[in-house]
Amino acid sequence: MCFKLGPMNANPSPTLPEIILPLDLDTPREAWRVIERIGGDLKWVKVGLQMYLRWGDGFVKELAKEGFSIFLDLKLFDIPNTVASAIRSIGDLPVALTTLHTLGGVPMMRAAVEARDRVAPHIRLLGVTILTSMDDATMNRVGIPGGVGPEVVRLAGLARESGVDGVVCSPQELGLLQAAGVGDLTFVTPGVRPADASADDQSRIMTPGEAVRAGARYLVIGRPITAAPDPAAAFRAINEEMLQAFRA
Ligand code: C5P
């Protein structure tokens with residue numbers, strides 16, 4: 001069974017926070033090894049550029065056949081016609097979520113939404129705001145002034161105006177987004193690290209517990225699980241921290 005993501009309704013218990021596991025690995029074999037070790041509690045997986053560019057639709061369909069809900073993280077960023085065509089290209093894939101960059105602007109996002117409405121109504125579109133690897137200084141150097149927080153709010157507003165279903169941001173921005181009146185969007189948050197884990201290349205991070213307390217419900221957490229000596233134990237510990245924060 002493949003759960004379809006409705007508005008804020010990704011699973012049979014939509015109010016419980018979920019881990020979305022990015023399969024940022026070299027081969028399907030490695031991905032399946034991690035998945036099998038984690039076992040039945042894993043519902044959501046994310047296929048990003050590393051796997052999709054090499055293993056393509058076949059891998060996505062294999063995951064769907066096993067019942068996973070799939071986030072195909074393509075981060076589309078091109079002229080409107082090209083992005084709309086790309087959406088048409090993945091229109092028959094069994095994926096629940098895909099991404100495009102909000103920095104592509106309203107015409108690009110609207111073109112994606114129109115293409116999705118025509119050929120892929122089962123796919124929810126998420127706008128990537130400012131990558132969670134970026135801080136104020138990195139963002140300023142590419143020509144965007146000010147702080148990341150207000151910029152994420154501005155871009156989320158453009159996503160909403162374009163008809164996009166949700167945004168990808170750091171859990172650090174969830175409070176600002178709620179206060180800005182765009183809380184009806186679906187929020188998917190990478191940039192999550194357990195207190196004792198390496199930040200790796202992520203800048204705007206929160207722990208799983210902090211993220212859930214800030215309102216995160218779809219938490220993308222990769223290397224702290226996939227690179228752990230015992231991925232199953234890491235997954236369980238993070239899940240437990242999330243559920244405890246949710247119930248508190
Ligand atoms: O291993 P880690 O937990 O850092 O993985 C985060 C995942 O989320 C990666 O697959 C990355 O591509 C994705 N992502 C992100 N920041 C965004 C959008 C997506 O880290 N803004």
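User: What counts as a salt bridge here?
Analyst: A salt bridge is a side-chain nitrogen of Lys or Arg within 4 Å of a carboxyl oxygen of Asp or Glu. Arg110 forms one with Glu161, and their closest N and O atoms are 3.9 Å apart.

User: Where do Arg110 and Glu161 sit?
Analyst: Arg110 is in helix 4 (residues 106-119), and Glu161 is in helix 6 (residues 148-162). The two are 51 residues apart in sequence, so the pair ties those parts together. Helices (H or I, at least four residues) and strands (E, at least two) are DSSP runs, numbered from the N terminus.

User: What kind of model is this, and how are residues numbered?
Analyst: This is a predicted model, where local features need pLDDT of at least 70, side-chain atom pairs count only at pLDDT 80 or more, and totals for chains, interfaces and linings use all residues. Residues are numbered from 1 along each chain as its sequence is written, and side-chain values use heavy atoms, with hydrogens and water left out.

User: Are Arg110 and Glu161 buried, exposed or partly exposed?
Analyst: Arg110 is partly exposed, at 37% relative accessible area. Glu161 is partly exposed too, at 48%. The cut-offs: buried is under 20% relative accessible area, exposed is over 50%, and partly exposed is in between (1.4 Å probe, protein chains only).

User: How many salt bridges does the structure hold?
Analyst: It holds 13. Side chains of opposite charge can pair when their charged atoms come close.

User: What about Glu18, which partner does it meet?
Analyst: Glu18 meets Lys43 in a salt bridge, 3.8 Å from N to O. Glu18 lies in strand 1 (residues 18-22), while Lys43 is in the loop between helix 1 (28-38) and strand 2 (44-47). They are 25 residues apart in sequence, so the pair ties together separate parts.

User: And how covered are those two, buried or exposed or in between?
Analyst: Glu18 counts as buried, at 8% relative accessibility. Lys43 is partly exposed, at 29%.

User: What does Asp73 pair with?
Analyst: Asp73 pairs with Lys46 in a salt bridge, 2.7 Å from N to O. This pair links distant parts of the chain: Asp73 is in strand 3 (residues 69-76) and Lys46 is in strand 2, 27 residues apart.

User: Buried or exposed, those two?
Analyst: Asp73 is buried, with a relative accessible area of 6%. Lys46 is buried as well, with 8%.

User: Which residues form a salt-bridge network?
Analyst: Arg116, Asp117, Arg124 and Asp165 are linked in one.

User: Let's zoom out. How many helices and strands?
Analyst: The protein chain has 10 helices and eight strands.

User: How much of the chain is buried?
Analyst: Of its 248 residues, 54% count as buried.

User: How far apart are the mean positions of the charges?
Analyst: The mean positions of the 25 positive and 28 negative charges are 3 Å apart. Lys and Arg count as positive, Asp and Glu as negative; His and the chain ends are not counted. A charge is placed at NZ of Lys, CZ of Arg, CG of Asp or CD of Glu.
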